[in-house]
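Colleague: Please take a close look at one part of this model, the surroundings of the ligand, and then go on to the charged pairs elsewhere in the chain.

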Amino acid sequence: MYAARVDVTASPLPDGPHRRYNPLLDEWVLVSPHRLKRPWQGQVEPEPPPMLPAYDPNCYLCPGNERASGERNPSYETTFAFDNDFPALVPSSGASPAASGARGPGDSLFVAEPQTGRCRVVCFSPRHDVTLAQMDTPGIRAVVDAWADEIERLSRFDAVRYVQVFENKGAAMGCSNPHPHCQIWASASVPHIPARKLEMQRRYAARTGRDLVGDYVAREIASGERVVCRNDAWAVVVPFWAVWPFETMIAPLRFVGDLRELSDDERGQLADIIRSLTARYDNLFQSSFPYSMGWHGRPVDGGDYPGCRLHAVYFPPLLRSASVRKFLVGYEMTGEPQRDLTAESAAERLRGLPEVHYLDGAAARLGASPGS
Ligand code: H2U
């Protein structure tokens, strides 16, 4: 016998263990709010790194410095994009799956296919010592424009079908360099996470004639319970089905398929809401809040993708403090994702935080000048 599903619009959510459904990924998450009370003796993250210089002569992303390829970065003043010197995808794969014993569609057990693509790195600022959370809105706006320009640029290559923009921030998320930057991987196939989202959005549009993300965000705004912040063009919510403790989604209020379609005003408002969200993140534990984030939108192959609305996802690992993180292990790896803190509590905490960065006003103290 299956337990009856809860109509969350009609009755309060259970305060005991329950599962929530993610309609974008067709996945479930187990929510166990009562477990937050258990004692914790897990890993303690290292203390935040000492203050960084504004310019680091040993950083391969700082202006004027040499990269591993031997190329020298220009003396850039806003953003700077370049081909990744260690790309995960290259324009011609040269790989032959058959040579490794793998077969094509005829063999359902050993399936491989060549994958081609291109990888870019985008530096957000010439300053080594800031993050998006500490940059001003015009500075972040330049990053939004760089994302859109890179998608346009990469979409012009014949073999490119999908462009994934993502940022790993902080050593806890495997970021190798504190200089603010993101990566962009363009591939000949749609990676399976955005592919699943496209399919779920297509099915929802076929069933309802509307778009899934648009309907979802409208419901969230109406309830307000999981909204972190919003402006005239964007909303930030902790998704009902969030897996990571302070996971969020940024979605446009207008139906937009990819970053290139944003109006001038929407780009400015996006910069503002990214600033507001990332400052709240840093303010939560008064530390540089690590996360992985990425944009999901329409493939760039010119195909028809009904109901596909652009959105960003943020996955931060921290749970209770700058030193206690969540790991997706055990049950998460073998069963399904599980969380203790409810999405509603996480949203309430983020919503209640100031959107001014806790170091604001002390920005000058953050970075020593190159000569100091
Ligand atoms: P992450 O810290 O997010 O991994 O980004 C650093 C990227 O910069 C990484 O993909 C690239 C790495 O390949 N890189 C260069 O392209 N040139 C270099 O000289 C060093 C690092």
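Modeller: In this predicted model, a backbone N or O atom of Ser-176 lies 2.7 Å from an oxygen atom of the ligand.

Next come the charged pairs. Side chains of opposite charge can pair when their charged atoms come close. The count of salt bridges in the model is 31. One of them joins Arg-267 and Asp-145, whose closest N and O atoms are 2.9 Å apart. Arg-267 has a relative accessible area of 13%, so the residue counts as buried, the limit being under 20%.

Helix α1 also holds Glu-152. The side chain of Glu-152 meets that of Arg-260 in a salt bridge, at 2.8 Å from N to O. Arg-260 is in the loop between β9 and α4, and the two partners are 108 residues apart. Here Arg-260 is partly exposed at 27% relative accessible area, and Glu-152 is partly exposed at 28%.

Another salt bridge stays within one helix. Glu-199 pairs with Arg-203, the closest N and O atoms being 2.9 Å apart. Both residues belong to helix α2, and because they are four residues apart there, about one helical turn separates them. Glu-199 is partly exposed, with 27% relative accessibility, and Arg-203 is partly exposed too, with 44%. Elsewhere, salt bridges that share partners join Arg-20, Glu-220, Glu-225, Arg-226 and Glu-344 into one network.

Finally, consider Asp-340, in the loop between β14 and α6. Its relative accessibility is 8%, so Asp-340 counts as buried. The side chains of Asp-340 and Arg-35 are joined by a polar contact of 3.2 Å. Asp-340 and Ser-32 are 308 residues apart in sequence, yet their C-alpha atoms are 4.8 Å apart in space.

Technical notes. Residues numbered from 1 in each chain as written. Predicted model: local features only at pLDDT ≥ 70, side-chain atom pairs only at ≥ 80, totals over all residues. Heavy atoms only, no water. Helix = DSSP H or I, 4+ residues; strand = E, 2+ residues; numbered from the N terminus. Buried < 20%, exposed > 50% of the residue type's maximum accessible area, 1.4 Å probe, protein only. Polar contact = N/O pair within 3.5 Å; in protein donor to acceptor, adjacent residues only side chain to side chain. Salt bridge = Lys/Arg side-chain N within 4 Å of Asp/Glu carboxyl O.
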